[in-house]
Structure formats: C-alpha cells, structure tokens
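Let's take a friendly walk through the aromatic rings of this structure. Have the sequence and the 3D view ready as you read.

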Amino acid sequence: MTISLLSIVYGALRCNILAIKIKYDDYEISVRPVAYLCVFLWRSLEIATRVTVLVLFSSVLQIWILPVVLVNFVVFFFYPWILYWQSKSPFPENLEKALSRLGTTIVLCLLTFLYAGINMFCWSAVQLKLNDPDLINKSQNWYRMAVYYMLRFIENAFLLLLWYIFKTDVYTYVCAPLLVLQLLIGYCFSVLFMLVFYQFCHPCKKLFSSSISEGLLACFKFLCFMCKPLNTSDSIEKGGTKSLNNDGCNAPASSKTSVSQNENVHKEVAANA
C-alpha cells in the first residue's frame with residue numbers, strides 16, 4: 001500500500017510539473033527542489049487522506065459508497081461539458097484531422113472520464129476547457145480551487161462523521177476521535193502546502209494576474225460584503241421602529257394638550273357670558 005501510494009503521488013507530482021510546462025510553454029521554467037517538496041507533501045497528504053476516508057466509510061456503509069462515488073464522478077464528468085454548452089462555442093474539430101465527429105466525441109468523453117476520475121481523489125493539475133483549441137484552461141481560477149477544497153473538506157468531514165456513528169466492533173482498538181482529527185488535520189496540511197507552493201515556490205508565480213494571498217483576501221472581502229447588507233437592513237429596521245415608537249409616544253401627548261386648551265377656551269366663554 002505504501003509503495004502504491006508513493007507511485008501515485010509521484011505520478012501526480014510529475015503531472016503537476018508537466019501541466020505547468022504545458023501552460024507556460026513560451027517561458028523557460030526551472031523548478032526548484034523546494035517546489036518539488038511542497039508538491040509532494042501537498043499531493044501525498046491530499047490523496048492519502050481522501051483514500052483513507054473513502055475506505056473507512058465503505059467499511060461500515062458498503063452500499064452507500066456507490067452513490068458517493070457516482071455523484072462525484074457525474075459532477076466532474078459533466079462540469080466541463082456544461083461550461084462548453086454555456087459558452088455556445090462550435091464543436092472542437094481540431095484534435096486530429098483523421099478523426100471524424102464521432103471519433104472526436106469519443107476522445108473528449110474519454111478525456112473527461114479521466115478528468116472526473118482524477119478529481120474524485122485530488123485537484124486535477126490540468127483543468128479542461130473544451131471550447132479552447134488546446135482543451136486546457138490556462139488561466140488560474142482561485143475561486144474554483146477554493147470552492148473545490150472547501151466542498152471536499154466538508155464531504156470528508158461528513159463521511160468521517162457517518163463512519164464514527166456507524167463504526168463496528170472491528171474498530172474497538174482504534175481511537176476513533178483521534179483518527180478523525182488526524183485525517184482532517186492532514187487534509188488541512190495538504191491545503192497549506194498547496195498555498196505555500198502557489199505563493200512562494202511556483203516557477204511562474206510572477207505571471208499570475210493575482211497571487212493566492214490576494215485571492216484569499218478577495219474571498220474574505222466578498223464574505224464581509226455579503227454580511228454588510230444584513231447589518232444595514234437590521235439597523236434600518238431598528239431605526240424605523242424607534243421612530244415609530246417616538247411618534248406613537250408623542251401623538252397622545254399632543255392630542256391631550258389640544259383637548260385641554262379647548263376646554264379652557266369654552267370655560268372662559270361661559271364665564272364671560
């Protein structure tokens with residue numbers, strides 16, 4: 001299992017570096033040893049924790065692992081196609097001149113099949129873009145990456161919670177809370193090494209339109225912006241209720257003074273008469 005994990009991580013590392021060279025093929029790229037170390041730790045922790053979570057969940061809920069895998073696979077399989085249909089671009093026919101339209105469709109389906117299989121376990125180094133001639137999204141989308149890792153963390157935590165609830169006697173000698181904590185912290189560390197790689201060790205970080213820190217800051221600003229309208233609306237409602245209460249308290253007092261003044265006038269007229 002360790003040898004298999006190391007071989008998979010090595011393949012992910014090589015694919016990561018190859019994807020960088022494909023995206024920035026116009027530039028001379030030199031990858032430092034620190035970058036290799038960050039990518040290795042990022043991919044090893046990400047894949048190891050994901051596989052462990054799926055194995056633990058399938059050991060107690062064998063039937064429900066199939067819907068989990070199918071939902072993940074279907075979402076990542078159709079996601080590039082949905083983006084392609086939304087762009088309303090013509091069908092890509094420049095893959096190979098010898099291929100017919102049917103052959104091109106089969107090749108693209110196989111490519112998205114591989115893409116979905118990779119994204120079930122880790123963030124794919126190459127993001128597909130079917131309306132691009134190179135079929136690769138060369139722009140760095142921090143928001144898509146942030147959404148992926150947040151949803152993946154929530155999914156892992158939910159699957160671990162179900163495993164903790166329905167665990168059998170096989171795990172009697174396993175400290176379940178500690179194991180859950182280790183897996184969640186391990187996944188967080190994988191995200192941390194990813195952030196370190198893109199912020200400090202990426203060979204083409206100077207070509208980014210925005211850094212990972214700026215992307216995180218933009219996400220925080222967006223969340224704060226989403227919270228501000230609620231606060232302003234609450235203050236408006238509170239201010240409105242206060243003004244209504246003040247009006248309601250002042251209205252009876254003014255009416256009482258006007259009534260008392262009318263009574264005094266009538267008394268003076270009657271006395272003079």
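Predicted model: local features only at pLDDT ≥ 70, side-chain atom pairs only at ≥ 80, totals over all residues.

Arg-43 lies over the face of Trp-42, 4.1 Å from the ring centre; a charge sits over a ring if NZ of Lys or CZ of Arg is within 6 Å of the ring centre and within 35 degrees of the ring normal. Residues are numbered from 1 along each chain as its sequence is written, and side-chain values use heavy atoms, leaving out hydrogens and water.

Next come rings that meet other rings. Rings of Phe, Tyr and Trp (its six-membered ring) pair if their centres lie within 6.5 Å; planes under 30 degrees apart count as stacked, over 60 as edge-to-face and the rest as tilted. The count comes to 16 aromatic pairs. Trp-42 and Phe-197 have ring centres 6.1 Å apart and planes at 35°, so this pair is tilted. It links distant parts of the chain, 155 residues apart: Trp-42 is in helix H2 (residues 33-60) and Phe-197 in helix H6 (residues 176-201). Helices here are DSSP runs (H or I, at least four residues), numbered from the N terminus.

Both Trp-42 and Phe-197 are buried, meaning under 20% relative accessible area (1.4 Å probe, protein chains only). For Trp-163 and Tyr-171, the centres are 5.2 Å apart and the planes at 85°, so the pair is edge-to-face. Trp-163 counts as buried because its relative accessibility is 0%.

How values were computed:
Helix = DSSP H or I, 4+ residues; strand = E, 2+ residues; numbered from the N terminus. Buried < 20%, exposed > 50% of the residue type's maximum accessible area, 1.4 Å probe, protein only.
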